[in-house]
Amino acid sequence: MSYDLIVIGTGPGGYVCAIRATQLGLKTAVVEKRATFGGTCLNIGCIPSKALLHASELFEEAGHSFSKMGIGVPAPKLDLKQMLVFKDQAVDGNTKGVDFLLKKNKVDAFIGAGRIAAPGKVEVTGTDGKKQTLETKSIVIATGSDVAKLKGIDIDEKRIVSSTGTLTLPEVPKHLLVIGAGVIGLELGSVWRRLGAKVTVVEFMDGILPGMDGEVRKAVQRLFEKQGMTFKLSSKVTGVDTSGKTLKASVEPAKGEGKAETIEADVVLVSTGRVPYTDGLGLKELGVTMDERGRVAVDHYYATSVPGIWAIGDVIAGPMLAHKAEDEGIAVAEILVGQAGHVNYDVIPAVVYTMPEIASVGKTEEELKAANVAYNVGKFPFTANGRAKANQQTDGFVKILADAKTDRVLGVHIVGSDAGNMIAEACVAMEFGASAEDIARTCHAHPTLPEAVKEAALAVDKRAIHM
């Protein structure tokens with residue numbers, strides 16, 4: 001069979017790329033090693049974790065907040081088996097949705113492991129071992145990422161688990177030890193804490209959520225500690241003894257100075273990040289250039305060093321985010337037909353779906369200082385927002401960073417309920433080059449949480465009304 005484009009991988013980047021390509025008139029096929037479409041995100045990542053986050057938030061709210069609002073209910077009982085069914089239903093609905101979209105857009109799908117035999121040729125090995133070779137003018141690598149392993153700690157997905165195993169634990173652990181205080185560790189740690197586990201988080205760096213705005217990192221750590229999480233920063237897990245009934249993790253200072261300690265836990269979650277997944281693609285044999293971190297090297301048009309082969313998403317440089325991969329998938333499809341496909345990497349939002357949520361876009365204060373950019377800060381707390389007070393959701397704040405000379409918005413950081421939705425306003429504003437004054441002069445509905453965004457914009461010019 002011959003195609004204009006074959007996309008290897010059907011995660012958010014891959015399936016979106018394929019659909020956009022067919023919209024542009026390209027005969028397109030996808031190759032997927034899983035039995036279901038959607039990649040890590042829909043099958044074992046974003047979607048199932050958000051289902052558990054939502055369910056566990058409601059469980060905690062019913063147990064601790066309903067009575068404050070005059071709602072008298074018996075203490076909620078956890079039916080973990082049913083909660084996992086709820087999670088699986090979310091996965092099933094979304095993966096079937098992608099299947100429908102591919103068929104609707106007339107994208108041919110091949111289930112099996114893909115290997116690029118040569119430019120223009122993709123070999124697909126089915127689950128039965130049979131091979132077939134597809135011909136194509138262009139190939140897009142969209143194979144995503146895999147769990148980053150820790151030397152000396154073997155993941156069995158039962159007691160020592162990755163994010164995948166954490167989504168299917170058959171019972172709530174008495175003590176969950178999380179290695180890594182990044183997005184995945186905090187989200188999944190918060191799920192099991194709400195359901196009754198003691199949660200200890202060990203982080204190599206001196207603060208949680210490395211890379212995020214410093215003020216945000218410190219504020220949310222205090223909130224998580226208030227909720228019951230314990231953090232051991234500037235620390236590393238050097239090994240886990242699995243011989244006993246409980247796991248015994250050896251924890252040492254990150255710099256190697258000081259005494260080691262042993263932490264006992266029922267389950268250890270390894271959440272130290274993710275790495276590009278390119279196994280079995282045959283890239284080395286083809287001469288595709290990779291960088292020092294194992295990522296596929298591409299130019300501004302997502303082209304690799306081998307003509308006819310492109311790459312997007314987690315396998316290339318940049319944040320490993322589903323929406324970043326989607327935008328790259330659309331961009332490369334448009335580039336293939338001669339259009340000006342483009343992604344604005346200065347406006348890629350990031351969200352941590354804890355409670356409260358944490359959302360950011362653009363530069364942090366630390367980045368602006370390092371670049372010697374003069375800036376002004378506008379900050380507004382949710383304690384002063386009418387809707388937040390009415391809902392008893394006053395944790396957090398909105399922080400806007402604007403250029404001191406032009407007032408152009410350079411970064412927005414939100415800690416608060418529904419921050420993941422509120423950040424969209426900041427993204428639109430930044431995409432159009434808005435100033436803080438533009439946001440401040442935009443009428444916001446009352447009473448809403450986004451009014452805090454307007455007030456933070458007013459605060460850039462030191463003229464917030466409700467603070």
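Predicted model: local features only at pLDDT ≥ 70, side-chain atom pairs only at ≥ 80, totals over all residues.

1. E215 is partly exposed, with a relative accessible area of 26%; here buried means under 20% relative accessible area, exposed over 50%, and partly exposed in between, with a 1.4 Å probe and protein chains only. The side chain of E215 meets that of K399 in a salt bridge of 2.7 Å, N to O. A salt bridge is taken as a side-chain nitrogen of Lys or Arg within 4 Å of a carboxyl oxygen of Asp or Glu. Because E215 lies in helix α7 and K399 in strand β21 (residues 397-403), this pair ties together parts that are 184 residues apart in sequence. K399 is buried, with a relative accessible area of 0%. Salt bridges with shared partners join D213, E215, E365, K379 and K399 into one network.

2. Residues are numbered from 1 along each chain as its sequence is written, and side-chain values use heavy atoms, with hydrogens and water left out. Helices (H or I, at least four residues) and strands (E, at least two) are DSSP runs, numbered from the N terminus.

3. How many salt bridges does the structure hold? The total is 23. Side chains of opposite charge can pair when their charged atoms come close. One of the pairs is D92 with K96, at 3.1 Å, N to O. Both residues belong to helix α4 (residues 80-104) and are four residues apart, about one turn of the helix. D92 is partly exposed at a relative accessible area of 35%, while K96 counts as exposed at 53%. Another salt bridge joins the side chains of D461 and R463 at 3.0 Å, N to O; R463 is partly exposed, at 30% relative accessibility.

4. The second largest pocket also deserves attention. A pocket is defined on a 1 Å grid over the protein atoms alone, as an open set of points with protein on both sides within 12 Å along at least five of seven lines; a cavity is a set of points where a 1.4 Å probe fits but cannot get out, and lining residues have an atom within 4 Å of a point. Grid points are joined across faces, edges and corners, and a volume is the space filled by probe spheres set on the points. The volume of the second largest pocket is about 840 Å³. Its lining has 22 residues, of which E60, S65, M355, Q392 and D395 are the closest to the centre. Elements that contribute two or more residues are α3 (46-64), α6 (183-194) and α7 (214-227). The greatest contribution, six residues, comes from α3.

5. By class, the lining of the second largest pocket has five nonpolar, nine polar and eight charged residues. In this scheme Ala, Val, Leu, Ile, Met, Phe, Trp, Tyr, Cys and Pro count as nonpolar, Asp, Glu, Lys and Arg as charged, and the others, Gly among them, as polar.

6. The structure holds one cavity of 30 Å³ or more. The largest cavity has a volume of about 40 Å³. Among the residues that line the largest cavity are V147, S163, I184 and R274. The classes in this lining are three nonpolar, four polar and one charged.

7. Which strands make up the open sheet of three? The order is β12-β13-β14, with antiparallel pairing; two strands pair if DSSP finds at least two bridges between them. The edge strands, β12 and β14, each pair on one side only. Six bridges join β12 (residues 235-241) to β13 (residues 247-253), and these two strands form a hairpin with five residues between them. Within this pairing, K236 has E252 as its bridge partner, and D241 stands opposite K248. β13 is joined to β14 (residues 261-265) by five bridges, with L247 opposite A265.

8. A second topic is the open sheet of five strands, ordered β8-β15-β9-β10-β11 with parallel pairing. β8 (160-161) and β11 (230-232) each have a single partner strand, so one side of each is left without a neighbour in the sheet. Two bridges link β8 to β15 (residues 267-270) in the parallel sense, and V161 has L269 as its bridge partner in β15.
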